[in-house]
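This briefing is for a reader who is new to the structure shown below. Please look through the sequence and the model before reading on.

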Amino acid sequence: MAENDDRNDEADYSPQSGLSRRQFVTGLGGIGLGAVLGGVITGGLAQPASAIAIPASQGYLLVDTKKCSGCDSCMLACSLTHHGKASLSLSRIQVAQNVFTPYPNDITISQCRQCPFPACVEVCPTGASHVDAANGNVRTVDVGKCIGCERCVNACPFTSSRADWNFEDKHAEKCDLCADTPFWNEKGGVGGKQACVAVCPMHAVTFTQEVPVQAGDVGYNVNLRSKDGWAKLGAWAKTT
Amino acid sequence: MGGGYAGKILRIDLSAKAVSSIPTSDYEEYGGGHGMGSAIFFDLCKDKTVDAFDPGNVVTVMTGALQGTLTPGASGRCEVQGIGSQGYPKQWFTRTNFGGRFAGNLKYAGWDGVVLEGKASSPVWVDIRNGDVVIRDAKTDGLWGLDTFETEKAIYSLVGGSGSDGWFEIGGSRDAGRTTQKPAVLSIGPAGENMCVSGCLVHEGGGGAGQTGMGSVWGSKNLKAISVLGTGDVAIADPKALMEARAWAQKGFWSIEDPKNLMGMWSNLPAGPADSAGAGRAQGCLACSKNCHGGRGAKGLAPGSHCVDGGYGMFATAVNPKTDQDNAVTTDRLQRLGINAWEMCGSLPWLYDLYKQGILGPGKEIDSNLPWDECGSGAFNKAFLEAMAYKKDIGADLALGVARCAEKWGRYETDTTSGVLALQCHGYARHYDARTETEWGFGSMVSDRDINEHDFNWCMYWYVAFAAMYKMPFIMPAEQLVTMVAEKLLPYKDPKMLDYSEDGMYSDASVKLVAWHRHYSRFWKQSAIYCDWAIADFVSPYREGYSGLTPEYEPKFFNAVTGKNMTFEDGMELGRKIWNMDRAIWCLQGRTRDHDKLDEWQFLTGATRPIKASYEVPYTMPALVDGKWEYAYIDGRKLDKARTEDWKSRFYAFEGWDDNGVPTKATLEKLGLTKVAAALQAAGKLS
């Protein structure tokens, strides 16, 4: 991977690709071959055609587990806007907490990372799990095509898996950045709002169009405390 | 039944170790929560004169339509009722409640509530996983004897954690349900197991149903814990309306992006960021947008411990300032033992005073070998709380509850007359001053317990008194404030209800204030179940002219979830019905007008506050002075016996009760409570 580490080599950065320097750099610094980004990469990298063909999502959810209050509003908004019901199990974002574990390890948030190389899409035998070009390349499930094999659920490299099994309606589903929220009057999707972001009272989840750093969690679990109104009062505890 | 309800109530006969269900629709007319709990108690508790520890006592743990939904300041609430052990001189049928994730999980599991009858022959715990309900042995499962934290953690292991992909299947088949969540557990600690009246119910390490002694009632039934894990859903009648209501409400509630306070007071704020116990977060009950729990910092302070649960530690420090008292450690200990913090707040100053008088101590008239010379220290708190929970030393007598303990020591009359034992009424420690804050004092007087409802307490007392104390500008002139708030007090809308002057407190308008508050809380706050720490929202710095979200808030969410068309006034009328049912139950328990009584010191002493460790600031409240509205300093006032008795008579008349405080047949029949009237008739209570 030595050639991929040379982030200061101007020759590797192609302005014609339409990629920002950060997108290019983070793509190569991520999960190796799987982290190829949208657009065409020029230069001397041999990539399989399928890898080059997956365009990056135009939207991502970032969270701050040190800020989250564990109220589960995001989960209830997700199930409400997508399914018209209140359910934690049908939420495509999962907040798990153990009140007896000291802060900050008491809360974990599992939001879909809209992976640049989505394993859930790769393994789907029917194309139900797919990249939706009409909706900013969000990785989502066409439930009409889902045959319930759960390969996507098992393929998600993260715990808890972000591709979920809807055991009520018997199909897979996942975060679509609210592209399809029939029970909400707001416009969702990458050009619109996300229900979890809209309802979070702590502003502990946010939406970005920038591709997060792929290595580890630092790109997806970020500091959202430093600029809010409470921070301006100097009231946040001294944590980073 | 419309949206929001699960449709079934779980019924557990602990004596027979049998499980069955009741259709929620049987009790639909009561709305949910408290209303259903009272009606179920009325039907199932055959002899309502039994003691709290009698197996014939029926305990209900109820949710309503809103629980488990996206409704802020409601979704997490759970209402517990039954004959409580704390009431004095009679153990009144009473209520307590708590937040967190328990109510939501009950709903997701397909249950609107749980009814507990009888007494198990040996300690048990109830394991609810969706529709599968098993009564398990608390001893062989190693739970009996554990503190509340260890109990909950043990149940996490017993019920199971995450599967290999982070999702945990329950029900044994792929489509039976999955979750990433831990079970929600409500348990008792040693205090409840030992049937100490200070024993309470604890959830999530600190969401506590603190008062009433309900923990000891569970102990008397050999019930250690209820665990519930649900993977189902709650049907919502109008999801789009609910999302819109949420967006509307969030604009009117506390915002972390734009923190506004009133008079320098942050009412019900997210506690965590400001928690001095250490680096921490705010923590919230299900779907809440206020997130008032906090702590869980580096010192491990349990989430609910930021609130009043931490008050005992503060009282201990103030009673006898010591430097080594770690409030986080003390509060966690209290939570683990499952002790009612407020009972401790009332008893400790009294006990310390007896020590200083030389009446209590090693070898004294009241023999106690607790380290009273270092009262308030961490070591003392540990010894004291453990004595309470395990009935050691004076804990054996205090297990009767502080009122009965004082009676046993022959000190009740003396010490509640001087005010050294500052019980307000019915065996409950004084909370807000009955001599000044009318709706609190008189409302508690005609009820079963310290009402603990802060609706007027924030805007009529704290915001005003704080501004007065720190010489800050009031948000608006007194007349404007009372007029604005009175507009929300449907159906009465009388600003004179908010006249806290001495004449005002005995007026007919004051009768209306107390009646309004009883009716409002019985339905909107305890049956629809809106959290006392969020609603009523009378005054908000986020809204035009400071006009809070009440009375739009309450029906807006209720109707979006249920699909009903309830008005605020409809809810008030239903609250009046439920309140009358409660009053009738107390009458069946033997209630007379003589029980509607405040402890003696409130009539005799005008001292500012007898408790040294009080959190209160001097009472400045809205009042009519010579016909003009002012923010008046009203501290130091004594209650007047004759005027109080006269107020009671007018209150009874207003409520349609006879002069003994018993609802009349006509009143009950007009409210659709014919069977309640028949029961009172059969018991010879109707005049």
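This is a predicted model: local features need pLDDT of at least 70, side-chain atom pairs count only at pLDDT 80 or more; totals for chains, interfaces and linings use all residues.

Why is Ser527(B) classed as buried? Ser527(B) has 26 other C-beta atoms within 10 Å, and a residue counts as buried when that number is 20 or more.

**Around Ser527(B)**

- Ser527(B) lies in the loop that runs between helix 18 (508–525) and helix 19 (553–562) of chain B.
- In sequence, His34(B) and Ser527(B) are 493 residues apart, yet their C-alpha atoms are 4.6 Å apart in space.
- Setting aside neighbours within four places in sequence, the contacts of Ser527(B) include Tyr30(B), Gly31(B), Gly32(B), Gly33(B), His34(B) and Gly35(B).
- Gly64(B), Arg522(B) and Ile578(B) are also among the contacts of Ser527(B).

**Where the chains meet**

- Contact between the chains involves 61 residues of chain B and 54 residues of chain A.
- On the chain B side, at least two residues each come from helix 3 (148–159), strand 10 (178–179), strand 15 (234–235) and helix 6 (239–252).
- Helix 6 of chain B provides the largest share of that side, 8 residues.
- By type, the residues of chain B that touch chain A are 25 nonpolar, 20 polar and 16 charged.
- Strand 15 of chain B also pairs with strand 2 (residues 85–86) of chain A, antiparallel and over 2 bridges.
- Within this pairing, Val234(B) is the bridge partner of Ala86(A).

**A strand pair in chain A**

- Strand 1 (residues 60–63) of chain A runs antiparallel to strand 9 (residues 205–208) of chain A, and 4 bridges join them.

**Nonpolar cores**

- In soluble globular proteins, nonpolar side chains tend to be buried together.
- The largest nonpolar core here has 253 residues, and those with the most contacts inside it are Cys74(A), Ala77(A), Cys196(A), Leu201(B), Ile339(B) and Met621(B).
- Helix 20 (residues 568–588) of chain B gives the most to this core, 11 residues.
- Beyond residues up to four places away in sequence, Cys196(A) touches Cys74(A), Ala77(A), Cys78(A), Ile93(A) and Val205(A).

Technical notes. Residues are numbered from 1 along each chain as its sequence is written. Chains are lettered from A and ligands numbered from 1 in the order in which they are written. Two residues are in contact if their C-beta atoms, placed from the backbone, lie within 7 Å. Ala, Val, Leu, Ile, Met, Phe, Trp, Tyr, Cys and Pro count as nonpolar, Asp, Glu, Lys and Arg as charged, and the others, Gly among them, as polar. Two strands pair if DSSP finds at least two bridges between them. A residue is buried if 20 or more other C-beta atoms lie within 10 Å of its own, exposed if 12 or fewer, and partly exposed in between; C-beta atoms are placed from the backbone. A nonpolar core is a set of buried Ala, Val, Leu, Ile, Met, Phe, Trp, Tyr and Cys residues joined through C-beta atoms within 7 Å.
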